[in-house]
Amino acid sequence: MTISRQDVAKVGLLARLALSEAELDTMTTELSNIVGFVSLLAELDTSHVEPLAHPLDTHNVFRDDIPLPSLTTAEALQSAPRHDGECFLVPAVLNESGAA
Amino acid sequence: MNASPTAPFTTIIGLEVHVQLQTRTKLFCGCSTQFGAPPNTQVCPTCLGLPGSLPVMNRQAFALALRAALALNCTIAPTTKWDRKNYFYPDLPKGYQISQFDLPFSSAGHLEVVDPKGAFAPRDVGIIRVHLEEDAGKSMHDEAAGTGDTRIDLNRAGTPLCEIVTQPDLRSPQEARAWLNELKLLLVYLGVSDCNMQEGSLRVDANINLHIPQPDGRIAKTPIVEIKNMNSFRSVERALVYETARQYQEWQETKAEMGSKPKQTRGWDEPAGITRGQRAKEESSDYRYFPEPDLVLVTVDAAQLAAVQSGMTEPPTELRKALESRWKISAYDSDVLVNQGRELVGYFEELAGAIGEGKVASNWMQQDVLRTLNERGGTIDAFPVTPAGLADLIRRVTAGDFDTSRAREIFAEMVTSGRSAADVVATLGISAVDDDELLTLCHELLAANPKIVADVRGGKEQAAAGLIGQAKKKNANVNPGKVREKCLELIRAMG
Ligand SMILES: [Zn+2]
């Protein structure tokens with residue numbers, strides 16, 4: 001599988017990365033190398049191997065539905081670039097939320 | 001228009017419903033899910049997406065989700081995992097939502113909706129999947145203030161949500177609304193969610209398009225539109241009615257078919273009563289789903305499933321049938337009672353048990369108890385008249401102590417004063433009229449009304465009604481039915 005310059009541009013856009021023309025070239029080469037390296041795995045015969053959904057063998061790790069103390073609002077907001085003491089402030093968002 | 005059998009198309013509707021689960025804490029952290037708290041007071045490093053924090057699954061959230069899926073007749077996956085759905089939005093602090101992609105915990109269910117009045121044929125709606133995911137926070141933009149800032153409250157971020165996706169099996173806006181009512185009733189009965197749309201604990205998106213038969217026998221399908229921003233089931237119905245007409249008109253103008261353009265999202269504008277186009281939806285691959293490495297798999301075995309199933313209360317569909325067979329009431333009556341919620345059904349069953357009669361109990365519930373509840377507000381648990389107290393009153397009516405209209409007065413007094421039927425009867429001076437009193441009264445009535453007597457003897461039995469009013473004036477406690485019966489008996493005895 002090869003990675004095209006277009007693929008990189010699209011992934012860059014989705015990740016909100018402003019890539020310059022030169023960076024696009026570098027990324028295309030480097031990403032292709034990485035994917036090429038990983039694709040070595042495709043040479044293995046995995047037809048008799050159970051699909052693996054998670055590398056850890058443990059499962060069913062739960063906690064009880066018991067409330068724990070939250071942060072104070074001041075603590076929650078302290079690292080925000082901008083806030084009004086109650087809410088985080090961000091540049092105007094006028095359209096609807098992207099997903100539910 | 002599509003409800004008409006002559007509509008030149010079939011309306012195809014599928015729904016996507018999100019319900020907040022009734023847990024005390026969030027899906028992956030111990031923050032409270034209580035609605036209405038001041039902004040950013042129910043947040044911690046995990047739900048704020050701060051570096052180094054890790055999610056741990058809420059046991060109760062998974063249990064409630066399982067309950068919902070089982071009640072929707074879904075198949076439960078023996079193993080399930082969670083995935084990251086990546087997108088950027090200010091109310092999504094981690095930059096991804098923990099959701100389920102290719103291994104949802106349940107799939108392939110169904111839920112039937114039946115209209116007892118027969119407005120549409122029973123419709124069994126397929127459920128594609130039910131999965132468990134986290135909610136996002138809330139963005140607030142005060143356009144009027146024009147400050148240009150959007151304020152973000154993350155109290156809701158991380159609240160457990162069940163996403164329920166149906167097959168496109170609904171065929172009219174009316175069906176869609178009725179089905180949503182049935183779904184809500186089911187989830188409330190099971191204690192899965194309070195389904196309060198005002199507080200956002202139930203949200204609906206609808207997918208709709210039209211299948212239009214062509215002269216050559218081919219079926220033309222209009223592009224699928226997803227409608228958002230509907231704040232009540234009534235809005236869902238209105239938006240779908242509007243969209244049906246809009247799509248048919250667009251079809252007539254453009255002949256555009258499904259696949260000719262990407263799936264469109266339109267927002268419902270309630271005051272204007274129209275849908276408006278929104279930005280194009282990102283392709284699902286653009287969310288770049290990948291397995292959530294911070295959560296391990298969850299497995300469910302048969303024993304766990306059996307335990308959840310045995311702990312579940314009767315769902316509404318089964319409860320309706322049970323009431324019909326247990327108490328010999330109609331499908332319409334059982335529907336009215338069950339739709340009022342589990343507590344009211346409990347009251348009804350206690351009442352019916354106490355008087356040993358379902359139909360009479362059901363009538364009292366619908367005509368008197370429900371009407372009083374509607375007028376006074378409040379819930380059945382706080383109703384001032386207990387089932388035993390009401391049963392006592394009904395028994396007195398059955399015994400002929402007084403008639404139904406007198407009983408209603410007594411009932412009203414029991415509601416306002418909280419006193420027993422016997423108490424009210426004593427204070428209002430209501431006492432049973434014995435047979436001797438009744439006989440004397442009827443003799444007096446007949447003697448005073450020769451014209452009525454003559455009319456009745458001439459075959460006009462309905463003329464006896466004229467005697468009832470007079471009887472009530474002489475003695476407010478008399479039972480009109482008994483007066484009528486006795487007078488007719490005496491007149492017949494005259495030969
Ligand atoms: Zn938290």
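Q: Hi! What should I know about the numbering and the model before I look?
A: Residues are numbered from 1 along each chain as its sequence is written, while chains are lettered from A and ligands numbered from 1 in the order in which they are written. This is a predicted model, where local features need pLDDT of at least 70, side-chain atom pairs count only at pLDDT 80 or more, and totals for chains, interfaces and linings use all residues; side-chain values use heavy atoms, with hydrogens and water left out.

Q: Great. How many salt bridges are there over all chains?
A: The search of the whole structure gives 37. A salt bridge here is a side-chain nitrogen of Lys or Arg within 4 Å of a carboxyl oxygen of Asp or Glu.

Q: What does A:Arg82 pair with?
A: Its partner is B:Asp149, at 2.8 Å from N to O. A:Arg82 sits in the loop between α3 (73–77) and β2 (88–91) of chain A and B:Asp149 in strand β10 (residues 149–153) of chain B, so this pair joins two chains. Helices (H or I, at least four residues) and strands (E, at least two) are DSSP runs, numbered from the N terminus.

Q: How many residues apart are B:Arg371 and B:Glu375?
A: They are 4 residues apart in helix α9 (residues 358–376) of chain B, about one turn. An α-helix has 3.6 residues a turn, so residues three or four places apart point the same way. The side chains of B:Arg371 and B:Glu375 form a salt bridge of 3.6 Å, N to O. B:Arg371 is partly exposed at 41%, whereas B:Glu375 is exposed at 61%.

Q: Switching to the surface: which residues form the nonpolar patch on chain A?
A: A:Met27, A:Leu31, A:Ile34, A:Phe37, A:Val38, A:Leu40, A:Leu41 and A:Leu44, with about 780 Å² of accessible area together. Patch residues have over 30% relative accessible area and no salt bridge; like charges are joined within 9 Å, and nonpolar side chains (Val, Leu, Ile, Met, Phe, Trp, Tyr) within 5 Å. Areas come from the Shrake-Rupley method with a 1.4 Å probe, and for residues only the protein chains shown count as cover.

Q: Where is A:Met27?
A: A:Met27 is in helix α2 (residues 21–38) of chain A, and is partly exposed at 35%.

Q: Now helix α7 of chain B. Which of its residues are buried?
A: In α7 (residues 331–339), they are B:Asp333, B:Ser334, B:Asp335, B:Val336, B:Leu337 and B:Val338. Their cover includes α3, α6 (316–327), α8 (342–355) and α9 of chain B. Just after α7(B), B:Gly341 has a positive phi of about 110°.

Q: Last one: what is B:Gly95 in contact with?
A: Leaving aside neighbours within four places in sequence, B:Gly95 is in contact with B:Lys85, B:Asn86 and B:Tyr87, contact being heavy atoms within 4.5 Å. B:Gly95 is in the loop between β5 (83–86) and β6 (96–99) of chain B and is buried, at 15%.

Notes. Buried means under 20% relative accessible area, exposed over 50%, partly exposed in between (1.4 Å probe, protein chains only).
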